[in-house]
Amino acid sequence: MFKKILIATRGEIALRIHRACREIGVKTVAVHSVADANAMHVRMADEAVCIGPSVAKESYLNKAAIISAALITDADAIHPGYGFLSENADFAEMVSEHGMTFIGPEAKMIRFMGNKIEAKKMMKDAGIPILPGSDGDVNTVSEALSIADSIGYPVIIKAVSGGGGRGMKVVRTKQDMIEAFDMARKEAEAAFDDGSVYIEKFLENPRHIEFQVIADNQGNVIHLGDRDCSLQRNNQKVLEETPSPVISDELRDKMGGLVCDAIRKIGYTNVGTVEFLYENGQFYFIEMNTRLQVEHPVTEMITGIDIVTQQIYIAAGEPLIYKQKDVVFRGHAIECRINAEDPETFIPSPGKVGLWHVPGGQWVRVDSAVYSGYTIPSNYDSLIAKLIVFGSTRKSCLMRMRRSLEEFVIEGVKNTVPLQQRIIDTKDFIEGKYNIHWLENFIGKYPKD
Ligand code: ADP
């Protein structure tokens, strides 16, 4: 087992990983930018190293600085969290080349899954359903037009190296395609340093449903059920729940089994999430995230399994201690992401937090690195807390979420608690009737309601 892990991220997830390490007797090293000198993860860790200025490119994305910090502190593994370098295959390779363990899958898996065309091909060959679309990247408008004709409009143009909900364009007509295609390639080039794009069928009203998997280095694979992440704004998740209100136990078992078979076939190890769009009873693979997800706590709530701890044990070469039959889904869990943003305009609201009081009580978990008097830097994303609530039924979970949101006190910065309160009070949410477009429609009406 590792003695010391360097945590190559910041914010709530750095703290989450630190906690897991502590609970299994592993020492931690925090790395931080100048802007994060007073951050909670820095205060909590056994050791801390400043790796550069506030701008992420020179600190949290600075591979050489992070590797050096790990070497001078004698860390034997690096946990990348999510975001930053967590899906950077070159970084994963660098970590191993320096004699340390990257806590994640093999670099070659990260590379495969980072290329969305390769990922689709690999999953299709492993028996997973995918959306109809181009077989590979599409280079010319005429090629794009003929593919769109064969699968039927609407279609979506997606960047092969895209991520974070960016690099996608919906195209509804031939004329749209002629206007949008070159633009999509240029935008992909500018955003991801890779202008290649591909085309797939655009689904009008799908839900986003994903499966959490854990695979050890000995060939054991289990799934921890699904998460419904359909409530999104700009393709970014806002609220997640498990189990999905529209998936039966039988369908979850069947789909989970299919996912595990595929993971076994491709030889994937560590934790990962296989993401699907779900419409009219059918699942279609969209991508695999080769890292810990922001929304992993809802799964932990209903399975009782600590995903981060498992991830660390597996990276250290230990076999999985759970078999699929040991995974029992109990009750319901919801996560509300709280961002430091105006809840109506979504303009970021960094700055000094005055009073900060988090909800508590039975079955309530708050993952956050914020404290009273903390200054939220403007350099990073605006997630400041995740409120995760469990209930024995979806209804009791929802009631508990309502009272927990009421208890949250955040002074000094605007935040999305009021947005979450509005969402969970709608008839549609209460009845579980929503898809990936629901939230944007709701927000469109929000100020006038
Ligand atoms: P990213 O890696 O940027 O997160 P994804 O491929 O996971 O990209 O897609 C993000 C979101 O975009 C999905 O959750 C869904 O809301 C929307 N989306 C992606 N592909 C399609 C599609 N073919 N039809 C409809 N919506 C889509």
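Predicted model: local features only at pLDDT ≥ 70, side-chain atom pairs only at ≥ 80, totals over all residues.
Let's begin with an open sheet of three strands, whose order is 7-6-8 and whose pairing is antiparallel. Strand 7 (168-171) and strand 8 (197-201) are its edge strands, as each pairs on one side only. On average, neighbouring strands of this sheet are turned by 25° against each other, direction ignored. If you look at strand 6 (residues 155-159), you will find four bridges joining it to strand 7. Within strand 7, Met168 is the bridge partner of Lys158. Helix 7 (residues 141-151) lies across strand 6 and strand 8, and runs at about 15° to strand 8.

In general, strands of a sheet pair through backbone hydrogen bonds, either parallel or antiparallel.

**Two crossing helices**

Next, find helix 5 (residues 107-114) and helix 6 (residues 116-125), whose axes come within 5 Å and cross at roughly 100°. Angles of 65 to 115 degrees count as roughly perpendicular, and helix 5 and helix 6 are therefore roughly perpendicular to each other. Helix 5 makes the contact with Met109, Phe112, Met113 and Gly114, while helix 6 brings Lys116, Glu118, Ala119, Met122 and Met123. Sorted by class, this contact of helix 5 with helix 6 has six nonpolar, one polar and two charged residues.

**An enclosed strand and its partners**

Now turn to strand 12 (residues 270-279). Ten of its ten residues are buried, so strand 12 is largely enclosed by the rest of the structure.

| Strand 9 (residues 207-215) | antiparallel | nine | His208 and Leu277 |

**A buried charged residue**

Finally, look for Asp226 in strand 10 (residues 221-233). Is Asp226 buried or exposed? Residues under 20% relative accessible area count as buried, and Asp226, with a value of 0%, is therefore buried. What joins the side chains of Asp226 and Arg252? The link is a polar contact of 2.6 Å. Leaving aside residues up to four places away in sequence, Asp226 touches Ile209, Glu210, Phe211, Thr242, Pro243, Ser244 and Arg252.

Definitions and conventions
Residues numbered from 1 in each chain as written. Heavy atoms only, no water. Pairing = 2+ DSSP bridges. Axes fitted to C-alpha atoms, helices over the stretch in contact; angles between N-to-C directions. Contact = heavy atoms within 4.5 Å. Parallel < 35°, antiparallel > 145°, perpendicular 65-115°, else oblique. Nonpolar A, V, L, I, M, F, W, Y, C, P; charged D, E, K, R; others polar. Buried < 20%, exposed > 50% of the residue type's maximum accessible area, 1.4 Å probe, protein only. Polar contact = N/O pair within 3.5 Å; in protein donor to acceptor, adjacent residues only side chain to side chain.
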